[in-house]
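Please look over the chains shown below before reading on. The report covers symmetry, sheet, helices and interfaces.

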Protein chains: 4
Amino acid sequence: MSYPPVMPLETMNARIQRSPFNRWLGLEVVAATSDSVRTQIVWRDEMIGSPDAGSVAGGVLASIMDSTASYAVAAATGQMAVTLDMRIDFLRAAMPGVLYAEGTVIKAGRSIATVDVALQDSSGKIVSSGRVVFFRSSSQ
Amino acid sequence: MSYPPVMPLETMNARIQRSPFNRWLGLEVVAATSDSVRTQIVWRDEMIGSPDAGSVAGGVLASIMDSTASYAVAAATGQMAVTLDMRIDFLRAAMPGVLYAEGTVIKAGRSIATVDVALQDSSGKIVSSGRVVFFRSSSQ
Amino acid sequence: MSYPPVMPLETMNARIQRSPFNRWLGLEVVAATSDSVRTQIVWRDEMIGSPDAGSVAGGVLASIMDSTASYAVAAATGQMAVTLDMRIDFLRAAMPGVLYAEGTVIKAGRSIATVDVALQDSSGKIVSSGRVVFFRSSSQ
Amino acid sequence: MSYPPVMPLETMNARIQRSPFNRWLGLEVVAATSDSVRTQIVWRDEMIGSPDAGSVAGGVLASIMDSTASYAVAAATGQMAVTLDMRIDFLRAAMPGVLYAEGTVIKAGRSIATVDVALQDSSGKIVSSGRVVFFRSSSQ
């Protein structure tokens with residue numbers, strides 16, 4: 001059973017507008033529950049990494065996944081947290097088009113929050129998946 | 001003892017110019033040996049993640065680290081490789097100014113290459129450090 | 001929809017009996033499909049890590065997770081593979097009793113297989129969860 | 001420049017004797033400074049993972065690395081900490097004989113400690129290397 005997010009969707013997207021890099025990414029939170037968020041971005045040419053393959057740079061995928069995971073923590077706790085570490089597996093090349101990410105909180109402890117994130121391209125295939133661990137600094 | 005890189009520095013930087021996202025980052029390889037590279041980028045306002053802290057987005061740091069690691073593989077093998085996975089620890093907030101990254105190949109096997117990367121800001125402190133694993137696709 | 005494992009359950013358990021360390025763990029594969037396995041072990045006192053907390057050593061949990069993941073690859077491909085890297089999050093202390101692990105293949109590529117693993121204790125709570133990446137050496 | 005460990009070597013080894021699993025491993029701390037420890041174990045047949053290759057189980061290597069890293073934190077802080085996550089790369093098969101591990105604290109923050117660990121076999125080659133992150137629970 002799923003509940004509404006502790007931080008409302010509108011608050012998340014307003015906050016994204018105040019982050020220069022998330023604005024560059026064009027990140028948007030399109031859905032949220034009490035333990036997950038779904039985001040999307042529209043692929044742009046300047047996100048291409050390998051000039052030969054024409055695929056999105058791994059760093060861009062990592063950026064989307066980190067931001068998506070941080071808003072999953074906000075959805076679960078109402079507060080932003082600090083990224084401690086991330087581990088990402090790149091499974092396939094991301095093709096041009098809209099990219100979708102889903103972040104799911106697997107544990108929101110008093111000090112540490114752990115989030116799984118998967119990213120898919122417009123073909124519906126998972127192109128990267130990983131985990132991001134956060135320190136809930138407000139709990140210090 | 002250190003030898004020259006198998007891929008020359010000029011070839012690396014010419015290749016970076018053909019990668020739209022590395023060009024957006026402003027990445028430059030400033031030194032290379034047969035098992036390591038040193039890169040730098042100049043911090044820009046649009047790289048800021050948290051609007052409150054004013055620090056560089058974790059995704060930007062991850063991007064610099066992934067690209068730096070991939071050129072360390074090129075330095076050791078002469079060829080680009082595909083990122084399989086990355087794991088990054090964020091140790092401190094990165095302050096405005098030039099960011100420096102150093103990638104060191106810890107093993108370049110027939111199929112897999114493993115690279116350690118550390119990133120420091122202009123204060124000289126390590127702000128993030130991690131490991132990137134590559135698949136040497138040309139060995140397939 | 002789920003299919004039978006490519007390597008039969010009996011073959012897996014016979015193989016475990018030939019591995020001294022898996023025998024020490026008391027590992028048993030209790031269920032398998034074409035992309036997952038479920039294993040269990042019975043907790044013993046010599047598996048305790050911290051003498052104060054009385055909980056199972058993290059290394060024992062990591063061992064169960066590595067072996068479980070390797071049999072998930074066998075279930076999906078019919079062959080054993082070599083562990084390239086593992087990343088494990090320890091979420092809670094594991095209490096005495098039977099421990100259950102579930103490994104699910106998220107991608108079995110030509111050269112690389114990626115497996116998610118979660119481990120729960122007899123209370124039903126997830127105590128650790130992570131990912132193990134394998135090199136399918138027979139594909140070389 | 002290196003200082004003596006905050007927790008004395010003798011205290012570490014006495015504590016290891018009270019941990020059933022570390023005793024099973026036969027772990028011994030043989031050297032320590034204020035930010036590192038060096039440990040060793042003597043290989044035994046029951047540590048073998050793959051019956052075909054005759055090499056040490058990855059889980060045994062992970063166990064040595066987790067314990068070694070935890071004593072590196074003790075060397076730096078005087079206190080034991082709780083493992084949050086570990087990431088280990090397996091670079092080569094570990095051959096029979098004494099195994100040596102070295103753990104180096106790369107950051108001991110107020111709440112989080114981050115430790116690099118490398119493990120070598122008696123041939124002197126690094127067989128696995130990785131990172132372990134701890135939560136300093138006493139700081140809660």
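What follows describes selected features of this predicted model.

Chain A is superposed on chain D by a rotation of 180°, with 0.0 Å of shift along the axis and an RMSD of 0.0 Å. This is the relation of a two-fold axis. Both copies use the same surface: 100% of the contact residues of chain A recur in chain D.

## The sheet of chains A and B

Within chain B, strand 3 (residues 82-90) and strand 6 (residues 126-135) run antiparallel and are joined by 8 bridges. In this pair, B:Ile88 has B:Gly130 of strand 6 opposite it.

## Helices on the sheet

## Strand pairing in chain C

In chain C, strand 1 (residues 28-32) pairs with strand 2 (residues 36-42) in the antiparallel sense over 4 bridges. The two strands form a hairpin, with 3 residues between them. C:Ala32 has C:Val37, in strand 2 of chain C, as its bridge partner.

Strand 2 of chain C is also joined to strand 4 (residues 98-108) of chain C, by 7 bridges, and these two run antiparallel. C:Ser36 has C:Thr104 of strand 4 opposite it.

C:Ala62 is located in helix 3 (residues 58-77) of chain C. Is C:Ala62 buried or exposed? C:Ala62 counts as buried because its relative accessibility is 0%, and the cut-off for buried is under 20%.

Leaving aside residues up to four places away in sequence, C:Ala62 touches C:Met86 and C:Ile88, as well as D:Ala62 and D:Met86. C:Val37 is 25 residues from C:Ala62 along the chain, and their C-alpha atoms are separated by 16 Å.

## The interface between chains A and B

How many residues of chain A are in contact with chain B? There are 29 of them, and they contact 29 residues of chain B. The area buried between chain A and chain B is about 2,200 Å², and carbon and sulfur atoms give 57% of it. On the chain A side, A:Phe21, A:Met86 and A:Phe90 lose the most area to chain B, together 24% of what that side buries.

Between chain A and chain B there are 4 salt bridges. B:Arg15 forms a salt bridge with A:Asp52, in which the closest N and O atoms are 3.3 Å apart.

Terms used: Residues numbered from 1 in each chain as written. Chains lettered and ligands numbered in written order. Predicted model: local features only at pLDDT ≥ 70, side-chain atom pairs only at ≥ 80, totals over all residues. Heavy atoms only, no water. Least-squares fit on C-alpha atoms with pLDDT ≥ 70 in both. Contact = heavy atoms within 4.5 Å. Pairing = 2+ DSSP bridges. Buried < 20%, exposed > 50% of the residue type's maximum accessible area, 1.4 Å probe, protein only. Buried area = accessible area lost by both parts, 1.4 Å probe. Salt bridge = Lys/Arg side-chain N within 4 Å of Asp/Glu carboxyl O.
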